Amino acid sequence: MARTLNTAVYTIRREAFVDAAQRLMQTSGYEQMSIQDLLDELDASRGAFYHYFDSKQALLEAVIERMVDAALAAVQPMVDYPNLTALEKLKGVFGGIGRWKTERRALVLSLVKVWMSDDNALLRQKFRHRVTARMVPVLAGIVEQGVEERVFNAKSPADTANVLLILLLGFQDIATELFIQRQANSIDYEAVISTFSGYTDAFERILGAPPGSIEMIDEEIMQAWFA
């Protein structure tokens, strides 16, 4: 019983650091946030911080893990809903994750530049493994349903889901780079649309889906981030 209590206390205290980090990142940004800022926010000691995290980057990893879990949890009810078609579920997953990010725009923006830095290459790799483990089964289920509904043409839903996930992760990196370029006014909105259209077309071809049947990002979200 005592061991269970200790584990629960450890989790609660560790999550308090993650909560505080998210708040500070939204108001100040990750690069501006210091470990001392966290300690002041929580009235905690430096030793307490290093009991749960061995570095500021380890804390960043915990924040991103929480974001991944929360975003996927937000769209899971739609995936499980029995009355939706495979195309509706796919659109719901893409749109749901996009809306989740848009609703937390300040937090996502605080991560954009630091996410793409060379110093965080290992973190991006860990993120890819985590997302793959969580998303491939979700996509495989949707692909299998689409095959049964005769709107997708895939011999192996699991293998197809892996390919789609690789494409999605690449799409995310490209979207981040395009956002940075749009902020610098180095590309126009039409170039963003053209790039996204290419990814959508590739997605449809991999699935064997009818042209124009898949929407990876809706107009409202496009406007919020790139217009």
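A residue is called buried here when its relative accessible area is under 20%, exposed when that area is over 50%, and partly exposed in between (1.4 Å probe, protein chains only). By that rule, 41% of the 227 residues of the protein count as buried.

1. **What you are looking at.** This is a predicted model, in which local features need pLDDT of at least 70, side-chain atom pairs count only at pLDDT 80 or more, and totals for chains, interfaces and linings use all residues. Residues are numbered from 1 along each chain as its sequence is written, and side-chain values use heavy atoms, with hydrogens and water left out.

2. **Overall architecture.** The protein has 10 helices and zero strands. For these counts, helices (H or I, at least four residues) and strands (E, at least two) are DSSP runs, numbered from the N terminus. Read from the N terminus, the order of elements is α-α-α-α-α-α-α-α-α-α. The C-alpha trace spans about 60 × 55 × 30 Å along its principal axes.

3. **Contacts and surface.** A contact means heavy atoms within 4.5 Å. Among contacts in the protein with a separation of 6 or more, 68% are between residues 24 or more positions apart. The accessible surface comes to about 12,400 Å², and 53% of it belongs to carbon and sulfur atoms. Those areas come from the Shrake-Rupley method with a 1.4 Å probe; for residues, only the protein chains shown count as cover.

4. **Salt bridges, starting with Arg66.** A salt bridge here is a side-chain nitrogen of Lys or Arg within 4 Å of a carboxyl oxygen of Asp or Glu, and the structure holds 12 of them. In one of these, the closest N and O atoms of Arg66 and Asp19 are 2.5 Å apart. Arg66 sits in helix H4 (residues 56–80) and Asp19 in helix H1 (residues 2–27), so the bridge ties together parts that are 47 residues apart in sequence. Arg66 is partly exposed at 21% relative accessibility, and Asp19 is partly exposed at 32%. Do look at the neighbours too: Arg14, Glu15, Asp19 and Arg66 are linked in a network of salt bridges.

5. **Another bridge from helix H1.** Which residue does Arg23 meet in a salt bridge? The partner is Glu41, at 3.2 Å from N to O. Glu41 lies in helix H2 (residues 35–42) and Arg23 in helix H1, so this pair ties together parts 18 residues apart in sequence. Glu41 is partly exposed, with a relative accessible area of 38%, and Arg23 is also partly exposed, at 39%.

6. Asp218 and Arg99 form a salt bridge at 3.9 Å, N to O. The two lie in distant parts of the chain, 119 residues apart: Asp218 is in the loop between helix H9 (189–207) and helix H10 (219–226), and Arg99 is in helix H5 (residues 86–103). Asp218 counts as buried at 17% relative accessibility, whereas Arg99 is partly exposed at 37%.

7. **A negative patch.** Glu88, Glu144, Glu148 and Glu149 gather in a patch of negative charge on the surface. Patches are built from residues with over 30% relative accessible area and no salt bridge, joining like charges within 9 Å and nonpolar side chains (Val, Leu, Ile, Met, Phe, Trp, Tyr) within 5 Å. Glu148 belongs to helix H7 (residues 121–148) and is exposed, with a relative accessible area of 60%.

8. **Arg124, also in helix H7.** Is Arg124 buried or exposed? Arg124, placed in helix H7, counts as buried at 18% relative accessibility. Leaving aside residues up to four places away in sequence, Arg124 touches Trp115, Met116 and Ser117.

9. **Two backbone angles to check.** Asp43 is not a glycine, yet has a positive phi of about 55°. Asp43 lies in the loop between H2 and helix H3 (46–52) and is exposed, with a relative accessible area of 72%. Asn185, likewise a residue other than glycine, has a positive phi near 60°. Asn185 is in the loop between helix H8 (157–183) and H9, and is exposed at 67% relative accessible area.

Key. Lys, Arg positive; Asp, Glu negative; His and termini not counted. Charge placed at Lys NZ, Arg CZ, Asp CG, Glu CD.
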